[in-house]
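The entries are in the order in which I made them.

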Amino acid sequence: MAEAKSDESAQRNGEGRDADAGSSSASNDPAKEATVSKNARKRPRWPKVLGIVAGVLVGVAVAVIVGVNVFVRVAYAPFYQQAEAAFPIPGINSGFICQDLDWLEHGDAWLFSGYATDGGPSPVYRHSADGSVQRLLLAAPDGELYDGHGSAITSSGRYVYVACEGGLLVFEESDLVNAADGDTVLALGKIDLDFTPSFGNVEGEYLLVGNFYRAGNYETPGEHRIATPDGSQNSAVIYAYPLSDTAQWGLADAPEAVLSIPERIQGTCLTADGRIVLSQSYGLATSHLLAYDTARLTQDGMFTADGQEVPLYCLDSRSLVTDVAAPPMTEGIESYEGRVYVSEESASNRYIFGKLYGAGMVYALDMD
C-alpha cells in the first residue's frame with residue numbers, strides 16, 4: 001500500500017512538474033511573447049496624447065498673451081506712461097459693448113452707455129462711488145425700450161442726454177441717480193437734431209454733439225466735408241448748443257458755433273486748461289487722443305446749422321498741440337478732476353482681443 005501510494009504521489013508530482021515545465025516552456029515561447037508584447041502595444045495612449053496636446057495649447061496661449069502684452073505696451077508706451085488704470089468698465093463680460101461714459105456730479109457716480117451684443121435693449125450702467133454697479137434700462141417717452149447704439153451719454157446737472165436716431169433722448173438726472181439695479185428709466189422727451197449724434201458731452205455752458213465719418217460705410221452730408229485752411233480735409237462737425245434754464249429740456253434751439261473735425265471721431269471733452277480733446281479710432285487701427293488749443297482757434301467762415309448762420313472753426317494742425325497714440329477702439333471720453341478718462345470697447349465679448357492685454361479698464365491721463 002505504501003509503495004502504491006508512493007507511486008501515485010510520484011506520478012502526481014511528475015505531472016505537476018510536467019505542468020510547471022509546460023508553463024515555463026510556454027512563458028519562453030517566442031511566438032507567445034510576441035503576441036503579449038503586441039497586445040501591450042495596443043493599450044490606448046490617448047489620455048497621454050491629450051495631456052501633451054493640452055499642455056502645448058496652454059503654453060501657446062500663455063506665449064500669445066505675453067507676446068501681445070509686450071507688443072501693446074511697447075507700441076503704445078507713451079499712452080501707458082501717462083495713463084493710469086482707474087476702474088473696470090462694467091458689463092464687458094456680460095455682452096455689453098461700451099461706447100461712452102459720463103461723470104454724474106450730483107450722483108457721485110459714472111454712467112456708461114453702449115449696446116448689447118445680442119441686439120436686445122441697450123443698457124446703461126451706473127458705477128457708484130462705493131464701487132457697486134447697477135444695470136439699468138432706458139425707455140422712450142412712449143415706453144418702448146431703448147435699443148440704440150448708446151454712442152453718447154452726458155449730463156447737465158439736471159438732465160441726462162442719450163444719443164438716439166435723429167437726436168437725443170432726455171432723462172431727469174435724479175431718475176438715473178436713484179434707480180435701483182434692474183430698473184427701467186422713462187425719458188421725458190426727445191430733442192431732434194440735424195443729424196444722428198455719434199458722440200456728445202456737456203462742457204461748461206455748452207452741449208457738444210458731433211457725427212462720425214469713415215469713407216464707404218459712415219458717410220456725412222456734403223456740407224460737413226470741409227477743406228481746412230492748413231490744406232487738410234475735415235469730414236465731420238461738432239455743434240455747440242448753449243445750455244438754457246428756460247428752454248425745453250435745458251437746450252437752446254440752435255447751436256452757437258460749429259467745429260469742423262477730422263474723420264473717425266468717437267468722443268470729445270474740454271480740459272480745464274482750455275483744450276478740446278478728440279478720441280479718434282476705428283477697428284484695429286491705432287487710436288489717437290488729439291488735443292487742440294482753443295486759444296489758437298480763429299473763425300474760418302460761417303456754417304448753416306439748424307437753419308441759422310453760425311461761426312465755423314476748423315480743428316487742424318494750426319491748433320493741434322498733442323497727439324497721443326493709444327490702443328485700438330477708444331470710444332467716449334470725459335474730463336474729470338484735471339484728467340481725461342477714456343472708455344473703449346476692445347475687451348467686450350464682441351471683440352475679445354482687448355482681454356489679451358488687460359484692456360477693459362477706464363484709463364485716466366493728463367491732456368493739459
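The notes below start with the ground rules and go on to single residues.

**Entry 1. Ground rules.** I am working with a predicted model, in which local features need pLDDT of at least 70, side-chain atom pairs count only at pLDDT 80 or more, and totals for chains, interfaces and linings use all residues. Residues are numbered from 1 along each chain as its sequence is written, and side-chain values use heavy atoms, with hydrogens and water left out.

**Entry 2. Confidence.** I looked up pLDDT, the predictor's confidence in each residue, from 0 to 100. The protein chain averages 88, and 82% of the residues score at least 70. Over residues 1–27 the pLDDT stays under 50, and the model has three contacts beyond four places in sequence for this stretch. I took a contact to mean heavy atoms within 4.5 Å. Where pLDDT is low, the predicted coordinates should not be read in detail.

**Entry 3. Whole chain.** I found five helices and 25 strands in the protein chain. These are DSSP runs numbered from the N terminus, helices being H or I with at least four residues and strands E with at least two. Of the 368 residues, 45% are buried; buried means under 20% relative accessible area, exposed over 50%, and partly exposed in between (1.4 Å probe, protein chains only). Among contacts with a separation of 6 or more, 57% join residues 24 or more positions apart. The accessible surface is about 17900 Å², and carbon and sulfur atoms hold 53% of that. This area comes from the Shrake-Rupley method with a 1.4 Å probe; for residues, only the protein chains shown count as cover.

**Entry 4. Cores.** I used "nonpolar core" for a set of buried Ala, Val, Leu, Ile, Met, Phe, Trp, Tyr and Cys residues joined through side-chain atoms within 4.5 Å. The largest has 34 residues, and F79, W110, F112, L289, L365 and M367 have the most contacts inside it. Elements that each supply at least two of its residues include α4 (77–82), β2 (96–104), β3 (109–116) and β25 (361–365). I then listed the partners of M367: leaving out residues up to four places away in sequence, M367 touches T271, R275, V277, L289, A291, T322, V324 and V340. A second, separate core has 22 residues, among them Y161, I226, Y239 and Y241.

**Entry 5. Salt bridges.** Side chains of opposite charge can pair when their charged atoms come close. With a cut-off of 4 Å between a side-chain nitrogen of Lys or Arg and a carboxyl oxygen of Asp or Glu, I get eight salt bridges.

- R158 pairs with E172, the closest N and O atoms being 3.6 Å apart. R158 sits in the loop between β6 (153–155) and β7 (159–164), and E172 in strand β8 (residues 167–172).
- K190 pairs with D192 at 3.6 Å, N to O. K190 is partly exposed at 38%, and D192 is exposed at 61%.
- R318 pairs with D300 at 2.9 Å, N to O. R318 is in the loop between β21 (308–314) and β22 and D300 is in strand β20 (residues 299–305), so the pair ties together parts 18 residues apart in sequence. D300, D316 and R318 are linked in a network of salt bridges.

**Entry 6. A179.** The loop in question runs between α5 (173–178) and β9 (184–186). Apart from neighbours within four places in sequence, A179 contacts R126, L136 and V185.
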